[in-house]
Amino acid sequence: MSDSELAPQKPDIRIYTLGKFFIMQEGAVITESSSRSRRMWEIFKFLLSNRGKAFTPDEILSRLWPNKDYNDPGSVLRTQMFRLRQSLSQSHDSKLSLTDNLVFLHGTYSWEDKIDYWLDVHDFENTASEARQKMDDNPKEAISLYKRAIELYRGEYLPESSFTEWIAPMRTYYQDL
């Protein structure tokens with residue numbers, strides 16, 4: 001099955017986290033892999049993985065890089081968030097931007113679903129759940145759904161972040177699923 005069959009045509013933004021992290025917008029990959037951008041993408045992955053939860057700058061930095069001390073965590077995170085927002089908004093001429101989902105409110109950062117996007121783990125979870133529900137009543141359809149879930153599971157969750165503690169429970173959850 002091709003990528004176009006794995007992800008719906010709409011929305012125009014697709015986020016892949018299984019096997020390899022990347023974001024596609026309007027058919028083009030918008031994530032960067034340079035070492036200079038690694039930190040901002042780690043922040044993006046952390047907020048995306050913890051959708052709907054709010055974190056102070058200190059909480060984010062201590063979870064992502066626990067062995068580092070920052071004199072001014074707010075300043076460090078503001079700089080990274082500025083770079084991240086700039087990178088996301090400059091990617092395409094589209095009016096849709098994931099920057100809308102990166103929310104700063106009352107001194108905390110969070111990921112809120114304000115614009116529509118496709119996320120592989122959402123599709124994977126929903127497909128696996130639907131397959132489990134249909135197993136007794138319609139085994140053929142359940143098998144078809146399980147096959148689709150297997151195709152969506154392209155590998156470990158955010159493998160580029162394999163040495164960070166915060167990712168381990170999510171990685172185990174998706175492997176078990």
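## Helix 3 and helix 4

The axes of helix 3 (residues 57-64) and helix 4 (residues 73-89) cross at roughly 80° and come within 8 Å. Angles from 65 to 115 degrees count as roughly perpendicular, so helix 3 is roughly perpendicular to helix 4. This description, like the rest of the report, refers to a predicted model.

On the helix 3 side, the residues that meet helix 4 are Pro 57, Asp 58, Ile 60 and Leu 61. Their partners in helix 4 are Pro 73, Gly 74, Val 76 and Leu 77. Sorted by class, the contact of helix 3 with helix 4 has 6 nonpolar, 1 polar and 1 charged residues.

## The chain as a whole

The protein has 177 residues, of which 44% count as buried. It contains 7 helices and 6 strands. Followed along the sequence, these elements give the pattern α-β-β-β-α-α-α-β-β-β-α-α-α.

Contacts can also be sorted by how far apart the two residues are in sequence. Taking the contacts in the protein with a separation of 6 or more, 56% are between residues 24 or more positions apart.

## Helix 5 and helix 6

Helix 5 (residues 120-134) and helix 6 (residues 139-152) pack with their axes 8 Å apart, at an angle of about 160°. An angle over 145 degrees counts as roughly antiparallel, and helix 5 and helix 6 are therefore roughly antiparallel to each other. Their crossing is left-handed.

Helix 5 contributes Asp 123, Phe 124, Thr 127, Ala 128, Glu 130, Ala 131, Arg 132 and Lys 134 to the contact. Helix 6 contributes Pro 139, Glu 141, Ala 142, Leu 145, Tyr 146, Arg 148, Ala 149 and Leu 152. The residues of this contact divide into 9 nonpolar, 1 polar and 6 charged.

## Thr 17, a loop residue

Thr 17 is in the loop between strand 1 (13-16) and strand 2 (22-25).

The side chain of Thr 17 is joined to the side chain of Asp 120 by a polar contact of 2.7 Å. Setting aside neighbours within four places in sequence, Thr 17 is in contact with Leu 48, Leu 119, Asp 120, Val 121, Glu 156, Tyr 157, Leu 158 and Pro 159.

## Asn 50 and its surroundings

Asn 50 lies in the loop between helix 2 (38-49) and helix 3. With a relative accessibility of 6%, Asn 50 counts as buried. The side chain of Asn 50 reaches the backbone oxygen of Phe 46 at 2.8 Å.

Which residues does Asn 50 touch, not counting those up to four places away in sequence? They are Phe 55, Trp 166 and Met 170. Asn 50 and Trp 111 are 61 residues apart along the chain, and their C-alpha atoms are separated by 7.3 Å.

## Two residues with positive phi

Most residues other than glycine have a negative phi. His 106 is not a glycine, yet it has a positive phi of about 55°. This residue is found in the loop between strand 4 (102-105) and strand 5 (108-111). Exposed means over 50% relative accessible area, so His 106, at 75%, counts as exposed.

Leu 158 also is a residue other than glycine with a positive phi, near 45°. Leu 158 lies in the loop between helix 6 and helix 7 (168-176). The relative accessible area of Leu 158 is 1%, so Leu 158 is buried. Leu 158 is one of the residues in contact with Thr 17.

Definitions and conventions. Residues numbered from 1 in each chain as written. Predicted model: local features only at pLDDT ≥ 70, side-chain atom pairs only at ≥ 80, totals over all residues. Heavy atoms only, no water. Axes fitted to C-alpha atoms, helices over the stretch in contact; angles between N-to-C directions. Helix = DSSP H or I, 4+ residues; strand = E, 2+ residues; numbered from the N terminus. Parallel < 35°, antiparallel > 145°, perpendicular 65-115°, else oblique. Left-handed = near helix turned anticlockwise from the far one by under 90°. Contact = heavy atoms within 4.5 Å. Nonpolar A, V, L, I, M, F, W, Y, C, P; charged D, E, K, R; others polar. Polar contact = N/O pair within 3.5 Å; in protein donor to acceptor, adjacent residues only side chain to side chain. Buried < 20%, exposed > 50% of the residue type's maximum accessible area, 1.4 Å probe, protein only.
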